[in-house]
Structure formats: C-alpha cells, structure tokens
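Please look at the sequence and the structure shown here before reading on, and keep both in view while you follow the explanation.

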Amino acid sequence: MTMLRLTWLLLAKDVRIAARSREVLGFMLLFAMLCVVVFAFGFLREGQAAQDQVPGVLWVTLLFTGTVGLLRLFAPEEEAGNLDLVARTLSGTAPLFWSKAALQLLFSGIVTAFLLPIVAVFFDASLFGLEWIALALALGLIGQAALGTLAAALLAQVRLREALLPLVLYPLLAPLVLGGVKVTALALTRAPYSAFSGWIELMLAFDAVVVVLSPWLFARVTD
Amino acid sequence: MTGVLQSNPARLSARQLAWSVADRFVLLGVDVAFAAGTLTVLWGDNGAGKSSLLDLLAGLRAPTRGEVLLDGVPVGDVHPADLARRLARLGHKPGAFLDLTAHENVKLLATLCHVSPSDEAVRQCLDRVGLARRDQARVVRGFSRGMMQRTALARLLLTGADVWLLDEPSTGLDAAGSRTLGLLLDEARQRGAAVVVATHDFSWLPKPDHWLQVRGGQLSEAQP
C-alpha cells in the first residue's frame with residue numbers, strides 16, 4: 001500500500017471522526033468568532049472599528065484558533081491508545097504526519113473562509129488585494145499545519161500541554177505571522193507586489209524549511 | 001543468568017532485559033523465550049512488572065538494558081510495519097477509535113497492518129468474537145469494556161499475528177466471552193503463534209504450556 005493511499009486512509013478516518021463528534025471544527029469556528037468580537041470591541045476608536053488593525057486581528061485570530069485544533073489533533077489516537085500501531089506503517093510515520101497536517105490545514109482553511117468576511121464586516125474594511133492576502137494566508141496555514149503537527153506530537157503525552165503548545169509554537173511561527181501581517185497590511189492599501197514580495201519570499205522559504213524538517217523530526221519523535 | 005529460558009526455536013525472546021523507573025529497577029536481568037505454538041501465562045502481584053514486560057516485549061518501551069529478539073532479530077532492526085503485523089499487543093486501553101464503528105475500526109486497523117480484509121472477512125471475525133451484527137455497525141464510544149475487548153480480539157484474529165501479547169484480556173468479558181477468548185487463544189497456539197497472557201484470573205484459560213511468575217523484577221517458572 002502506497003504512502004499516498006495510507007495517508008488518505010488516515011485522513012478519511014480523522015474527517016469521519018470529526019464529522020461524528022462535531023467537536024473540533026465547531027469549537028474553532030466559535031472561538032474565531034469570539035476573538036473577532038473581542039478584538040472589535042478592544043480596538044474601538046470614537047465608536048468606530050479601527051480598520052488598520054485588520055491584518056493583526058486576522059492573523060492573531062488564526063494563530064489562536066489553529067492552536068485549538070492542534071491541541072485535539074492526536075486525541076483520537078490518545079483515547080484509543082493505538083498511536084504506535086497507527087505510526088508503524090510500511091511507509092513509516094509519514095502517512096500519520098501528512099494526514100494530521102492535512103486535517104489541520106483543512107480545518108484552518110474552513111475557519112479562514114468563515115473568518116475573512118466576518119473581520120471585514122466587524123471592522124468595516126474593504127478587502128483589496130484579496131489574491132495576495134489569500135496567498136499569504138495559504139502560506140501561513142501550511143507553515144502552521146506542518147510545524148504545529150510536529151509540536152502537537154512532541155507534546156501529545158506531556159502534562160500541561162495546553163499551556164506549553166503556545167509557548168513552543170508561537171515564537172517559532174513569529175516570522176510567518178509577521179510576514180502574513182505585513183503582506184495583508186500592504187495588500188489592503190493596494191500597494192504593488194514589489195512592496196511585499198520580500199515578505200512572500202520569506203514565508204515561502206519558511207514553509208520550505210518546515211515542510212521538509214517537520215516530517216523528518218516527527219519520525220524521530222514518534223520513534 | 002536469571003529468569004527462564006524456554007524450549008527452542010524461540011519466536012520471541014529477551015536477553016538480560018532490564019527496565020528502570022526513577023532509579024528503581026522494575027525488571028532486572030530477565031532472560032526468557034517464547035516458542036512458536038505455546039501459551040505462556042505471566043502472573044504476579046500488582047505492580048510486579050507484568051505489563052511493563054509486555055510493553056518491552058512489544059517494543060513499545062525501550063529497555064534500560066538488554067534486548068528483545070523476534071525470530072532471532074533485534075526488534076529495533078525489524079521494520080516497524082512488520083513488527084505491527086507480526087506482534088499483536090492487547091493492553092489496558094481500548095485500542096479502537098471511539099468515534100468509529102466496530103466494523104470500521106477492525107477494517108482500518110487491519111489495513112494499517114497490510115491485511116486489507118474484505119467487509120465479509122471483517123464481519124466473520126466480529127461474528128466469531130460474539131459481537132452482534134447491530135453492534136458491529138455502532139460507534140464504539142458507547143461500548144462496554146467487554147464489547148471493546150471483543151472488538152480488539154477481532155482485529156487480532158484478522159491480522160494473524162505470530163506473537164500475541166495480552167494484558168488482562170478477560171477484563172469485562174462475560175462467561176461466554178471468556179470461553180470464546182480461551183478458544184481463540186488455543187486456536188492461535190495451534191496455528192503456531194506464541195501467546196503470552198498476563199492475568200490474575202486463570203479460570204477461563206486453556207491449559208498453558210508454561211507458567212511464569214513475575215516477582216522482584218525477575219521471572220521464575222512457577223504455578224500460582
């Protein structure tokens with residue numbers, strides 16, 4: 001059985017479990033909504049929402065919401081106590097890593113699609129340069145999914161992981177979030193691509209490193 | 001040399017196995033071999049190290065010292081996928097995904113062990129362990145411990161492992177379930193599997209080939 005087939009099998013299993021339990025995605029959507037409402041009230045200026053805060057609100061909300069998903073990423077295997085069995089496939093641990101990263105990416109993508117219009121409405125912002133914002137978001141979510149899956153696996157059996165995961169993950173994701181905020185801010189002001197191409201390249205380079213390193217380290221962690 | 005060395009050829013063996021937690025040795029200098037087609041019972045007080053020994057034999061924990069061999073090859077050198085297929089461990093946790101049905105669980109976990117069973121083969125195994133057809137299609141989260149054990153046993157049957165390492169497998173099973181379990185272990189032994197059972201309840205067991213007591217971190221051949 002190929003690695004791709006095993007990855008698909010495990011991803012389908014996780015999607016089925018998520019659809020039946022209706023826990024993780026529901027919590028992520030609710031949490032995202034709550035973050036936007038809190039930020040909208042927090043950044044009120046003379047009764048008006050602060051439009052210049054949109055990039056920060058968007059990216060910080062995605063960072064927080066992504067953590068909610070990551071904390072439950074390995075919950076099915078932990079409850080079952082069969083992580084060793086699921087990790088021991090003919091293709092090694094790669095199918096488990098990629099299926100979990102794909103699940104996180106899927107959930108984060110759904111949350112992002114829900115979040116963008118909500119942020120626009122709450123902050124009364126026009127989403128100019130949406131194609132560049134979408135590219136930055138895609139790069140951000142890929143990096144978060146790859147690095148987050150590794151961090152979640154590292155901390156899967158650690159006490160206080162709810163507190164430790166953000167402590168480990170947020171500093172590592174800082175370049176990605178910074179790049180995302182910059183690209184979003186510049187794209188919203190209709191700046192030309194040349195104004196933020198450096199940030200896009202930084203995000204691309206970051207993703208290339210974590211997409212290669214994370215599954216390699218994951219194999220050692222799960223060993 | 002401490003511990004017990006059984007007859008050859010050994011399907012699964014351990015040499016000078018030691019395992020410590022916080023400077024206290026739970027197991028020390030264990031030499032043991034489990035031959036193909038035998039049933040061995042591990043018994044001993046709570047905390048004696050039975051479950052730890054099974055985890056070490058299954059390769060789920062790295063020993064402090066010593067090594068475990070599967071057909072003479074150190075388990076660290078066996079491909080993890082082969083290890084998962086050939087060596088079945090039934091522990092205290094359910095082993096099944098709680099939000100999948102019994103049928104889905106058995107099929108998925110067997111497929112991960114490269115068995116790729118048909119739906120009919122999965123149904124037959126679940127029938128064999130006495131799980132009713134309507135329960136086979138139910139999500140296992142609502143299952144009793146005994147039903148969970150039956151689901152786990154069906155997976156073991158389907159994968160056809162060479163070595164069965166079972167920790168208190170009769171927990172939660174009713175009288176009929178325990179009888180079925182005894183029959184299945186006997187069949188596995190006759191098929192050539194090395195079956196190792198850690199238990200405090202001996203009433204349901206088919207006649208074992210060896211009795212091993214775990215005591216003071218070591219093994220000795222003794223009946224309860």
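The model is a predicted one. In chain A, the secondary structure amounts to 9 helices and 2 strands, and if you read the elements from the N terminus on, they come in the order α-α-β-β-α-α-α-α-α-α-α. The C-alpha atoms of this chain fill a box of roughly 55 × 35 × 30 Å, when the box is taken along the principal axes. A compact globule of 223 residues would have a radius of gyration near 17 Å, and chain A has 18 Å, so the two values agree.

We can now look at how some of these helices pack, starting with helix 7 of chain A, which covers residues 130-154. Its axis and the axis of helix 3 of chain A, residues 54-71, come within 10 Å of each other and cross at roughly 40°. Because of this angle, helix 3 of chain A is oblique to helix 7 of chain A, and the way in which helix 3 of chain A passes helix 7 of chain A is a right-handed crossing. On the side of helix 3 of chain A, the meeting residues are Leu62(A), Gly66(A) and Leu70(A), while helix 7 of chain A brings Gly140(A), Gln144(A), Gly148(A) and Ala152(A). Sorted by class, the residues of this contact between helix 3 and helix 7 of chain A are 3 nonpolar and 4 polar, with no charged residue.

Helix 7 of chain A also packs against helix 6 of chain A, residues 94-122, at an angle of about 140° and with the axes 9 Å apart. It follows from this angle that helix 6 of chain A is oblique to helix 7 of chain A, and their crossing is right-handed. Helix 6 of chain A contributes Phe97(A), Lys100(A), Ala101(A), Gln104(A), Leu105(A), Ser108(A), Gly109(A) and Thr112(A) to the contact, and among the residues that helix 7 of chain A contributes are Leu137(A), Leu141(A), Ile142(A) and Gln144(A). By class, this contact of helix 6 with helix 7 of chain A holds 8 nonpolar, 7 polar and 1 charged residues. Gln144(A) is named in the contact with helix 3 of chain A, and Gln144(A) is named in the contact with helix 6 of chain A.

A further pair is formed by helix 8, residues 161-188, and helix 9, residues 193-222, of chain A, whose axes come within 9 Å and cross at roughly 150°. Angles over 145 degrees count as roughly antiparallel, and helix 8 and helix 9 of chain A are therefore roughly antiparallel to each other. The crossing of helix 8 and helix 9 of chain A is left-handed. Residues of helix 8 of chain A, including Pro175(A), Leu176(A) and Gly179(A), meet residues of helix 9 of chain A, including Ala195(A), Phe196(A) and Trp199(A). This contact of helix 8 with helix 9 of chain A has 12 nonpolar, 2 polar and 1 charged residues.

How many residues of chain A are in contact with chain B? There are 19 residues of chain A in contact with 20 residues of chain B. On the side of chain A that touches chain B, helix 1 (3-21), helix 4 (75-80) and helix 5 (83-87) of chain A each supply at least two residues, and helix 1 of chain A gives the most, with 6 residues. By class, that side of chain A has 8 nonpolar, 5 polar and 6 charged residues.

Chain B has 7 helices and 11 strands. Its C-alpha trace spans about 50 × 35 × 35 Å along its principal axes, and its radius of gyration of 17 Å agrees with the value near 17 Å that a compact globule of 224 residues would have.

In chain B, an open sheet of 6 strands has the order 7-8-9-4-10-11, and its pairing is mixed. The edge strands are strand 7 (87-90) and strand 11 (218-221) of chain B, each of which pairs on one side only. On average, and with direction ignored, neighbouring strands of this sheet are turned by 20° against each other. Strand 4 (residues 38-43) and strand 9 (residues 194-198) of chain B run parallel and are joined by 5 bridges, and Thr40(B) has Val196(B) in strand 9 of chain B as its bridge partner. Strand 10 (residues 210-215) and strand 11 of chain B, by contrast, pair in the antiparallel sense over 4 bridges, and the bridge partner of Arg215(B) in strand 11 of chain B is Gln218(B). The hairpin of strand 10 and strand 11 of chain B has 2 residues between the strands, and there Gly216(B) takes a positive phi near 60°.

Methods:
Residues numbered from 1 in each chain as written. Chains lettered and ligands numbered in written order. Predicted model: local features only at pLDDT ≥ 70, side-chain atom pairs only at ≥ 80, totals over all residues. Axes fitted to C-alpha atoms, helices over the stretch in contact; angles between N-to-C directions. Parallel < 35°, antiparallel > 145°, perpendicular 65-115°, else oblique. Left-handed = near helix turned anticlockwise from the far one by under 90°. Contact = placed C-beta atoms within 7 Å. Nonpolar A, V, L, I, M, F, W, Y, C, P; charged D, E, K, R; others polar. Pairing = 2+ DSSP bridges. Rg over C-alpha atoms; globule rule 2.2 N^0.38 Å.
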